[in-house]
Amino acid sequence: MPTSRLIRKSCFAALAVLVFAASAPASAKLRDGVVSLAVSLPLTGRFSSSGARLGAAYRFAAETLNEAGGVAVGRRDYQLSIEIRDDRSSVSGAAANAAALAEEDFLLQLGGFGERAAIAGANAGAAGGAIVVSPLFASPSPPDGEEAERPRIFSIAPPRAAFFA
């Protein structure tokens with residue numbers, strides 16, 4: 001499957017997970033007919049080109065869903081809004097974004113680009129009560145030397161080994 005197609009499919013799947021979860025109380029910002037979802041991506045630094053493509057895919061997914069009438073949360077239809085923050089291609093930037101977004105009541109977030117950034121963001125978000133879904137670039141298998149248990153990080157990507165099979 002071409003990479004851009006995989007990215008688009010992963011973004012739609014991640015948005016679907018988040019929108020489904022947004023029907024729970026206090027899980028995402030629901031205001032004035034809009035569900036606001038937060039994303040931390042590398043918009044500057046080493047991984048900026050990939051972050052820009054992933055950000056474009058998130059915006060495309062939200063626009064496509066909005067053009068189709070939005071998403072149903074409970075008995076009401078909402079438009080989607082995507083809040084994208086730059087993590088500067090760094091683990092510390094991903095963690096800072098997750099913590100700041102949790103403070104702003106984004107309790108359901110799309111996580112970082114790369115395993116270490118996703119894990120740092122999930123841990124920082126968890127400290128603020130957030131759940132972080134990493135849609136593509138965080139393998140469910142932890143990097144060497146990391147804890148095996150990640151109770152607040154979810155990935156819809158296949159395990160790392162699947163990319164090298």
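**View 1. Helix α3 and what its buried side packs against.** The buried residues of α3 pack against β2 (34-41), β4 (76-86), β5 (108-110) and α4 (115-127). Contact here means heavy atoms within 4.5 Å, and buried means under 20% relative accessible area, with exposed over 50% and partly exposed in between (1.4 Å probe, protein chains only). The labels are DSSP runs numbered from the N terminus: helices are H or I with at least four residues, strands are E with at least two. Keep in mind that this is a predicted model, where local features need pLDDT of at least 70 and side-chain atom pairs count only at pLDDT 80 or more, while totals for chains, interfaces and linings use all residues. Residues are numbered from 1 along each chain as its sequence is written, and side-chain values use heavy atoms, leaving out hydrogens and water.

View 2. Helix α3 covers residues 91-103, which makes 13 residues, and reaches 19 Å from its first C-alpha to its last. That is close to the 18 Å expected at 1.5 Å a residue, where the expected span is 1.5 Å times one less than the number of residues. Which residues of α3 are buried? They are Gly93, Ala94, Asn97, Ala98, Leu101 and Ala102. Seen down the axis of α3, these buried residues fall within an arc of 165°, so they line one face of the helix; the arc is that of the directions from the helix axis to the C-beta atoms. After the helix comes aspartate 105, with a positive phi near 70°.

**View 3. Strand β2 and its neighbours.** Look at β2: 7 of its 8 residues are buried, so the strand is largely enclosed by the rest of the structure. β2 pairs with β4 in the parallel sense over 8 bridges, and alanine 38 stands opposite glutamate 83 in β4. Two strands count as paired if DSSP finds at least two bridges between them. β2 also pairs with β5, again in the parallel sense, over 2 bridges, with valine 39 opposite leucine 110 in β5.

**View 4. The largest nonpolar core.** Of the 15 residues in this core, Val35, Val39, Tyr58, Val71, Leu80 and Ile82 touch the most other members. A nonpolar core is a set of buried Ala, Val, Leu, Ile, Met, Phe, Trp, Tyr and Cys residues joined through side-chain atoms within 4.5 Å. Which element gives the largest share? That's β2, with 4 residues. Valine 35 sits in strand β2 and is buried, with a relative accessible area of 0%.

View 5. Arginine 85 lies in strand β4. Is arginine 85 buried or exposed? With a relative accessible area of 19%, arginine 85 is buried. Its side chain makes a polar contact with the side chain of glutamate 104 (2.6 Å). A polar contact is a pair of N or O atoms within 3.5 Å; within protein, one must be able to donate a hydrogen and the other to accept it, and residues adjacent in sequence count only if both atoms are side-chain atoms.

View 6. Valine 71 has tyrosine 78 in β4 as its bridge partner.
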